[in-house]
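Subject: Structure handover

Hi,

Here is the structure I promised to pass on to you. Have a look at it first, and then read on for what turned up when I went through it.

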Amino acid sequence: MTRRLGSSALAIAALAALVAGYIQATAPFPDPFPTTVLPGNVVLTKVLLVVATVLGFYGVYVIVFRALSTRFTKRRAHDVRNVLRLFLGGTALISVLGIITEQWVGVLLSLGVVGFAVTFALQQPLLSLLGWVYIMLKRPYAVGDRVKIEDSKGDVIEVDFLVTTLWEVNGDLVSTHQPSGRVVTVPNSVVLNAQVVNYTTLVDHVWNELSVQVAFETDLRFARQTMVDVADDYLGDAMAREIADYRERLAETAVELEVQDGPTVNVVQTESWVELRLRYLVHPRRGARTRNVLYERILDRFNEQPDRVKFPVSRNR
């Protein structure tokens, strides 16, 4: 959509309105349908006014959206587009019906009665529309966020009036946090009565864990420090900046939580081995890549010290 397209639509709308006004004022054409209920001049006038109304609202939509989209991010521009479509589309519909029937009050009353009846016939679509209003106001997620809605997980690529479209992550085809290539459509009504998990609302990064199983004979202090050093070398200052941002955002909430300055390792004892869990901050879309790099580097460092790091050999592992 360009401003030139919007200006052209407004120009054609203005021309159609002028022609309709001229016909209505002078009636220069003979009535081609003298036996019909409406004279031909009246029909032609209404058609021109309907065309002028539709093109006029479309031109206003294009120009206003182009003007506002340059001032907002892609996420906000997506919301502005939907709001303009709903408001201008509804207003255009009422205007067209008023032009055809010439009963503006009757049109509004009829829409109220029809809307009351449609409420019972189209409960799910109306709930989805209400869910869209809730999404716009409460912002549980927006375009570009990675979310989990019920059993569906993915990146939000579209929030329409009735449905939310996700670029699927995980799913039945892949086991890592990578796109599967499929698109999942979720009704907006789901957000009204289901759990929504947003991975990018508070901060752009999330905490991940990487587990390594070692034998009881392992020097745990050395193994833990090695894992921390590897993670710190790879993630570096980027993780420090994200932790600072994490703390700042967390301070704005009522949650009191201690956040470590860097990667940490927790020890979990099992029956046959000791499990070392490395905890670090990472962007949700780079989780699998970061995990693979860290795992390879940690194993390389462990294998360099076979006397200090032992791995379990039980068949139950």
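Please keep in mind that this is a predicted model. The largest nonpolar core in it has 27 residues, and those with the most contacts inside that core are Met-227, Leu-278, Tyr-280, Ile-298 and Phe-302. Four elements each supply at least two residues of this core: strand 6 (206–214), helix 6 (220–251), strand 8 (274–282) and helix 7 (287–303). Helix 6 gives the largest share, eleven residues.

Apart from its neighbours within four places in sequence, Met-227 is in contact with Leu-210, Val-212, Val-265, Leu-276, Leu-278, Ile-298 and Phe-302. There is also a second, separate core of 15 residues, with Ile-149, Phe-161, Val-186 and Val-190 among them.

Three strands form an open sheet in the order 6-8-7, and their pairing is antiparallel. Strand 6 and strand 7 (264–269) are the edge strands, each pairing on one side only. From one strand to the next, the twist averages 25 degrees. Strand 7 and strand 8 run antiparallel and are joined by six bridges; Val-267 stands opposite Leu-276 in strand 8.

How do the helices sit against these strands? Helix 6 lies across strand 6, strand 7 and strand 8, and runs at about 15 degrees to strand 8. Helix 7 packs on the sheet as well, touching strand 6 and strand 8, and its direction makes about 30 degrees with that of strand 6.

With 17 residues at 1.5 Å a residue, helix 7 should span 24 Å, which agrees with the 24 Å between its end C-alpha atoms. Which of its residues are buried? In helix 7 they are Gly-287, Ala-288, Thr-290, Leu-294, Ile-298 and Phe-302. Seen down the helix axis, the buried residues fall within an arc of 155 degrees, so they line one face of helix 7. Arg-289, Glu-296 and Asn-303, on the other side of helix 7, are exposed. The cover over the buried residues of helix 7 includes strand 6, helix 6 and strand 8.

As background, nonpolar side chains tend to be buried together in soluble globular proteins.

Notes. Residues numbered from 1 in each chain as written. Predicted model: local features only at pLDDT ≥ 70, side-chain atom pairs only at ≥ 80, totals over all residues. Heavy atoms only, no water. Core = buried A, V, L, I, M, F, W, Y, C linked by side-chain atoms within 4.5 Å. Buried < 20%, exposed > 50% of the residue type's maximum accessible area, 1.4 Å probe, protein only. Contact = heavy atoms within 4.5 Å. Expected span 1.5 Å × (residues − 1). Arc of directions from axis to C-beta. Pairing = 2+ DSSP bridges. Axes fitted to C-alpha atoms, helices over the stretch in contact; angles between N-to-C directions.
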